[in-house]
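I set out to record what could be looked up in this structure. The entries follow in the order in which I made them.

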Amino acid sequence: KAAVLALLATSATAFMGAPVAHRAARSGAISMVVEEELGCTRPLGVWDPQGFITKEPEKFARRRAVERKHGRIAMAAVVGLITHEAGIEFPGYLSKTNDIKFSDVRDGIYGILDVPPAGIAQIIIFIGLLETVVWDGFNYSGDYGTGYFGKKLEGEEKVAKLNIELNNGRAAMAGILGAMADEFITGTTFAEKISAGTWPIGA
């Protein structure tokens with residue numbers, strides 16, 4: 001478990017890209033406003049291979065907000081995956097009606113199949129309440145007034161932290177997708193690979 005916690009601590013800083021010195025965009029349609037947006041960090045800077053910025057510039061803010069939100073979900077998923085596979089679980093029952101304890105839920109991607117339909121519904125309703133009642137789902141800034149571990153950030157420090165969050169979120173999206181694909185293909189979980197000595201590379 002100590003090794004897993006160490007992995008969590010180090011992976012959090014793995015993709016902390018420093019803000020890039022903004023260069024002139026290749027397309028005149030990409031404004032300086034876009035170039036100065038969060039997420040334009042080294043080494044890619046403004047990276048838009050599909051040309052969405054030039055085709056639909058009015059949707060840029062929403063797409064950046066969606067990317068941030070997906071990144072936050074992916075970071076939570078990565079932490080949840082590693083924590084659960086380390087054997088750290090909630091005590092008690094997930095569902096007393098179905099006699100399912102939290103410890104009964106399988107590790108990895110197939111664990112979701114052990115959650116009763118009522119549990120899935122509760123998760124969806126909870127997320128919906130967060131989106132519509134607790135936080136403003138149309139607030140594209142990503143700042144919901146909760147602060148950074150209770151600390152209110154401003155100026156360059158806030159920009160740096162938001163850029164770190166975006167880049168860590170991008171890494172987490174790639175990471176959780178890779179973990180899911182690997183388990184689906186090999187049929188073994190992250191924890192099972194470590195126990196067998198086949199992670200990260202093995203027979």
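**Salt bridges**

I looked up Lys59 and found this residue partly exposed, with a relative accessible area of 38%. The model I am reading is a predicted one. Lys59 pairs with Glu56 in a salt bridge whose closest N and O atoms are 3.4 Å apart. Glu56 is itself partly exposed, at 23% relative accessible area. I then noted that Arg63 joins Glu56 and Lys59 in a network of salt bridges. The count of salt bridges comes to nine.

Next I turned to Lys69 and Glu131, whose side chains meet in a salt bridge at 3.0 Å, N to O. Lys69 belongs to helix H4 and Glu131 to helix H5, so this pair ties together parts that are 62 residues apart in sequence. Lys69 counts as partly exposed at 27% relative accessibility, and Glu131 is partly exposed at 33%.

I also recorded the salt bridge between Arg106 and Asp114, with the closest N and O atoms 3.0 Å apart.

**Fold and core**

I listed the elements of the chain: seven helices and two strands, running α-α-α-α-β-β-α-α-α from the N terminus on. Of the contacts with a separation of 6 or more, 54% are between residues 24 or more positions apart. Of the 203 residues, 25% count as buried.

Which residues make up the largest nonpolar core? I found seven: Ala74, Val78, Leu81, Ile82, Ala172, Ile176 and Phe190. The largest share, four residues, comes from H4.

**Loops and surface**

I located Thr189 in the loop between H6 and helix H7 (190-196). Thr189 counts as buried, at 7% relative accessibility. Beyond its neighbours within four places in sequence, Thr189 is in contact with Glu85, Asp107, Gly108 and Glu183.

For the surface, I noted that the chain exposes about 13600 Å², of which carbon and sulfur atoms supply 65%. Tyr110, Ile112, Leu113, Phe184 and Ile185 make a nonpolar surface patch of about 580 Å². Leu113, one of these patch residues, sits in the loop between strand E2 (100-101) and helix H5 (117-134).

Technical notes: Residues are numbered from 1 along each chain as its sequence is written. This is a predicted model: local features need pLDDT of at least 70, side-chain atom pairs count only at pLDDT 80 or more; totals for chains, interfaces and linings use all residues. Side-chain values use heavy atoms; hydrogens and water are left out. A nonpolar core is a set of buried Ala, Val, Leu, Ile, Met, Phe, Trp, Tyr and Cys residues joined through side-chain atoms within 4.5 Å. Buried means under 20% relative accessible area, exposed over 50%, partly exposed in between (1.4 Å probe, protein chains only). Contact means heavy atoms within 4.5 Å. Accessible areas come from the Shrake-Rupley method with a 1.4 Å probe; for residues, only the protein chains shown count as cover. Patches are made of residues with over 30% relative accessible area and no salt bridge: like charges are joined within 9 Å, nonpolar side chains (Val, Leu, Ile, Met, Phe, Trp, Tyr) within 5 Å. A salt bridge is a side-chain nitrogen of Lys or Arg within 4 Å of a carboxyl oxygen of Asp or Glu.
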